[in-house]
Amino acid sequence: MSGARAVVVGDVIDDIIVVPRGPIRTDTDTAASITRHPGGSAANTAAWLGWLGAAVDVVGCVAAADVERHAAALRELGAVPHLQGDPTRATGTIVIVVDGETRTMLTDRGANAGLDPAAIDDGMLAEAGVLHLTGYSLFDALSLDDLARLADRARAAGALVTFDPGSTGFIADYGLAAFRRALDHVDLLLPNLDEGRMLSGEDDRAAVADALLAHCPAVVLTGGASSVLVARRGQPAVEVPVEAQRAVDPTGAGDAFTAGLIDALLGGAGDLVAAAAAGVRCAAVAVRQAGGRPPTTGASGSAGEAGSPESVAR
Ligand SMILES: Nc1ncnc2c1ncn2[C@@H]1O[C@H](COP(=O)(O)OP(=O)(O)OP(=O)(O)O)[C@@H](O)[C@H]1O
Ligand SMILES: [Mg+2]
């Protein structure tokens, strides 16, 4: 796989982060800090891959008027954007209301629903070592048949198909049985523990991994600051340690983890355990800084304090 590209397909979002300055009062104003950041699980993963120096194509759909703004943000981090412009729908937007440790996410998928998988050409897949998809795309953009076809095309081109389920809330809305059918098209599943529990119906981590292996040959289960479990069919599961960080902002930790893992696989880490360890190093950078995207070298010169690409790719 060494030297190959990553192709990431899925959600591109505007995150609107709301931090109220006090308890939210209904029917009147509450002062708040409100900031807007480019986000989306797929786009964030592609951005982290670009930051790590991997060759990465990202395919998504935003409002036609926002194509250049989102493309520029991805390009700045080294990812190659292939953004479709939806003529009518607004760019997908998530309002994230931060209340202490809790976050409430209000999601309008907007233009993401208009993503056309037929626009992913064979030339792009031919150079792919990994095709990464997220569950969010299943909720509107991709039917199960679309997913199956795309995964088959990628596999025929020699790529590994990785998949992040994305959100327990949306899995519940979509329906467990249908969502489980999607897993049968995946080579490497990357759930967090909550998603793993929901998808497997099991509680214990080892049982979760075992149950998911019935669907796909490899599962890497994350659990926040707890260790990562790497499970492969026919092999004993392996724990990859995580050094707990005092998180500045855990947003995008899962996406950064995925990027670190995929970057290591593309870089020739034959072993999934070593790749998961690279994922842990990349996620550690993500939790030490604000926002879901990697640090850019801004005028302040402060970027990179949370960690450098070199510190991940050891
Ligand atoms: N507090 C922390 N300290 C160190 N590493 C962390 C911490 N929180 C998360 N991570 C790292 O990020 C990885 C992914 O975290 P987590 O399991 O929370 O994913 P997630 O719930 O999918 O995150 P996201 O909300 O970004 O989707 C973990 O495996 C770990 O490597
Ligand atoms: Mg996640």
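Strands are DSSP runs of E covering at least two residues, numbered from the N terminus, and in this predicted model the loop between two of them, β2 (13-20) and β3 (32-39), holds Asp27. The backbone of Asp27 takes a positive phi of about 60°, although Asp27 is not a glycine. Most residues other than glycine have a negative phi. Asp27 has 4 C-beta neighbours inside 10 Å, and because a residue with 12 or fewer is classed as exposed, Asp27 counts as exposed.

The axes of α9 (residues 253-266) and α10 (residues 272-287) come within 7 Å and cross at roughly 140°. Since angles over 145 degrees would be needed for a roughly antiparallel label, the two helices are therefore described as oblique to each other, and α9 passes α10 in a right-handed crossing. On the α9 side, the residues that meet α10 include Ala253, Ala256, Phe257, Gly260, Leu261 and Ala264, while the α10 side contributes, among them, Ala275, Gly279, Cys282, Ala283 and Ala286. The residues of this contact divide into 17 nonpolar, three polar and two charged; Asp263 in α9 and Arg281 in α10 are among the residues that take part.

Beyond this pair, the loop between α10 and α11 (309-312) contains Pro295. Pro295 has 21 C-beta neighbours inside 10 Å, and because the threshold for burial is 20 or more, Pro295 counts as buried. The C-alpha atom of Pro295 is separated by 30 Å from that of Ala218, which stands 77 residues away along the chain.

Key: Residues are numbered from 1 along each chain as its sequence is written. Chains are lettered from A and ligands numbered from 1 in the order in which they are written. This is a predicted model: local features need pLDDT of at least 70, side-chain atom pairs count only at pLDDT 80 or more; totals for chains, interfaces and linings use all residues. Axes are lines fitted to C-alpha atoms, for helices over the stretch in contact, and angles run from 0 to 180 degrees between N-to-C directions. Helices (H or I, at least four residues) and strands (E, at least two) are DSSP runs, numbered from the N terminus. Angles under 35 degrees count as roughly parallel, over 145 as roughly antiparallel, 65 to 115 as roughly perpendicular and the rest as oblique. A crossing is left-handed if the near helix is turned anticlockwise from the far one by less than a right angle, and right-handed if clockwise. Two residues are in contact if their C-beta atoms, placed from the backbone, lie within 7 Å. Ala, Val, Leu, Ile, Met, Phe, Trp, Tyr, Cys and Pro count as nonpolar, Asp, Glu, Lys and Arg as charged, and the others, Gly among them, as polar.
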